[in-house]
Amino acid sequence: PVAKIVKSTLPYAAVAAVYLVMRALFIESDGEKVVILVNNNGLMAATNYADKLATTLFIQLRYLILLVMPHPLSYDYSFSQIPIIGFSNPKALAAVAVIIGLFVYAVRGFMKKDVLAYCILFYGMSVIITSNLLVDIGATMAERFLFTGSLGFCIALVWLVAKLMRADLPDMNLGNAKPVTILLLLIAVLYGGKTIARNEAWRDNLTLYETGLETAPDSWRAQYLLAVEYTRQIDKTTDVATKRELYEKACVGFNRSLQILPNNADVYLLKGYADEFGGRMDSAVISYSNVLKLDSTNTQAAVNLGGVFMRTGRLDDAIAVLTPVLRRDSTNTDALTNIGAAHGNKGLFQQSIMYYEKAYRIKPDQPANVMMSMSNVYRFLATLPMRRNSER
């Protein structure tokens, strides 16, 4: 009865209302619409709404296929792993046909209290939140979005197996439905085996990113994250040949990521790190400069670029890059020590020690190389009067 349904639903509706109120109270918002970037949601690359909708519906079909056949699995589906398609594409037409068919069945069966109709509606209402149909979210597709909706699939699977094997549904139990139980156990073992096999890919970051590249080779993020992990591995090994190999692999990943999604400041920044690790300072200068072309206020890129200039003898360039950084943030100790070193190498010891001392006051536990540079500047300052007298 409808009255009983309403009564049973009220507690859940109350919890939902409390959640929404709490969310509104504790999550600040300035009222501006959040801009979803193509970096996070590949659907933003669509040039018109029709193509965006066609691609979104095809993703929903992919979700359904993954429920039945969870292979291959991927931790990432960023741009452009899922290409934008139009309604002229057979994949989009197939998605429309399947979704309309399920919707029509659910609507017709709802008033009859059909179990399969309930499962379809449960699944649909669970996944529509993250489907990019109602509102754009910060992801193109993710297998985790299926978690809640998969309960509807599991109920439907058991119900269909029991129906196909003509089991007595109201009175079904282990004793009188052994064939159904055996088949469901077999299905559970198959899905469980896939879960256990997939767990191996999550052993560590390197394993996850390497296996992820096999299933998402066209994702800018999959290429980028693996390259980042290679740069981290460089610092963990002392073998020169291994360092060189890791550096080359990282550069391949960064370059491929930039081919997929050009003008990505994050990728250029990390590529600059890799170039420094590999000793290719000219490439590092290009990478950091590209970051600043895209984002002139990127402090980290400016500090790193200043450091590279300083270490390669381009002292005036280092000072020119680091001075605006200190105008924006006079407490940036990395910028202070780098600009201090640049002035020291130019023989401007008074200016150099001023920057060094300020950095030391802000952060006394400076690295050993910085402390050594400071001691050298102090030494030169101590001998400066004697040098001046000898010159006279």
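How many disulfides does the structure hold? The structure holds zero disulfides, a disulfide being a pair of cysteine sulfur atoms within 2.5 Å.

## Basis of the model

This is a predicted model, in which local features need pLDDT of at least 70 and side-chain atom pairs count only at pLDDT 80 or more, while totals for chains, interfaces and linings use all residues. Residues are numbered from 1 along each chain as its sequence is written, and side-chain values use heavy atoms, with hydrogens and water left out.

C119 is in no disulfide, and the nearest cysteine sulfur, that of C154, is 9.6 Å away. C119 is buried, with a relative accessible area of 3%, where buried means under 20% relative accessible area, exposed over 50% and partly exposed in between, computed with a 1.4 Å probe on protein chains only. C251 likewise counts as buried, at 8% relative accessibility.

S78 is placed in the loop between α2 (49-68) and α3 (90-110); helices here are DSSP runs of H or I with at least four residues, numbered from the N terminus. With a relative accessibility of 4%, S78 counts as buried. Its side chain makes a polar contact of 2.8 Å with the side chain of D76, a polar contact being a pair of N or O atoms within 3.5 Å of which, within protein, one must be able to donate a hydrogen and the other to accept it, and for which residues adjacent in sequence count only if both atoms are side-chain atoms.

When neighbours within four places in sequence are left aside, S78 is in contact with N39, T140, S219, W220 and R221, contact meaning heavy atoms within 4.5 Å.

## Helix α8

Helix α8, residues 220-234, has 15 residues and reaches 21 Å from its first C-alpha to its last, close to the 21 Å expected at 1.5 Å a residue; the expected span is 1.5 Å times one less than the number of residues. At the start of α8, a side-chain oxygen of S219 reaches to within 3.3 Å of the backbone nitrogen of R221. Because 13 of its 15 residues are buried, α8 is largely enclosed by the rest of the structure.

R232 and E229 both lie in α8, three residues apart, which is about one turn of the helix. An α-helix has 3.6 residues a turn, so residues three or four places apart point the same way. R232 forms a salt bridge with E229, with the closest N and O atoms 3.5 Å apart, a salt bridge being a side-chain nitrogen of Lys or Arg within 4 Å of a carboxyl oxygen of Asp or Glu. The two partners fall in separate accessibility classes: R232 counts as partly exposed at 45% relative accessibility, whereas E229 is buried at 5%.

## Other salt bridges

By this rule the count comes to 12 salt bridges. One of them joins the side chains of D316 and K346 at 2.8 Å, N to O. D316 lies in helix α13 (residues 315-328) and K346 in the loop between α14 (333-345) and α15 (349-362), so the pair ties together parts that are 30 residues apart in sequence. D316 is exposed, with a relative accessible area of 51%, and K346 is partly exposed at 36%.

E200 forms a salt bridge with R203, in which the closest N and O atoms are 2.2 Å apart, and E200, R203 and D204 are linked in a network of salt bridges. E200 counts as partly exposed at 44% relative accessibility, while R203 counts as exposed at 55%.

## Aromatic pairs

A search of the whole structure finds six aromatic pairs, for which rings of Phe, Tyr and Trp (its six-membered ring) must have centres within 6.5 Å, planes under 30 degrees apart counting as stacked, over 60 as edge-to-face and the rest as tilted. The rings of Y75 and Y209 have centres 5.6 Å apart and planes at 45°, so this pair is tilted. Y75 in the loop between α2 and α3 and Y209 in helix α7 (residues 205-215) are 134 residues apart, and the pair thus links distant parts of the chain.

The rings of F349 and F380, by contrast, have centres 5.0 Å apart and planes at 10°, so the pair is stacked. This pair also links distant parts of the chain, with F349 in helix α15 and F380 in helix α16 (residues 368-391), 31 residues apart. F349 is buried, with a relative accessible area of 11%, whereas F380 is partly exposed at 26%.

Note on methods. Helix = DSSP H or I, 4+ residues; strand = E, 2+ residues; numbered from the N terminus.
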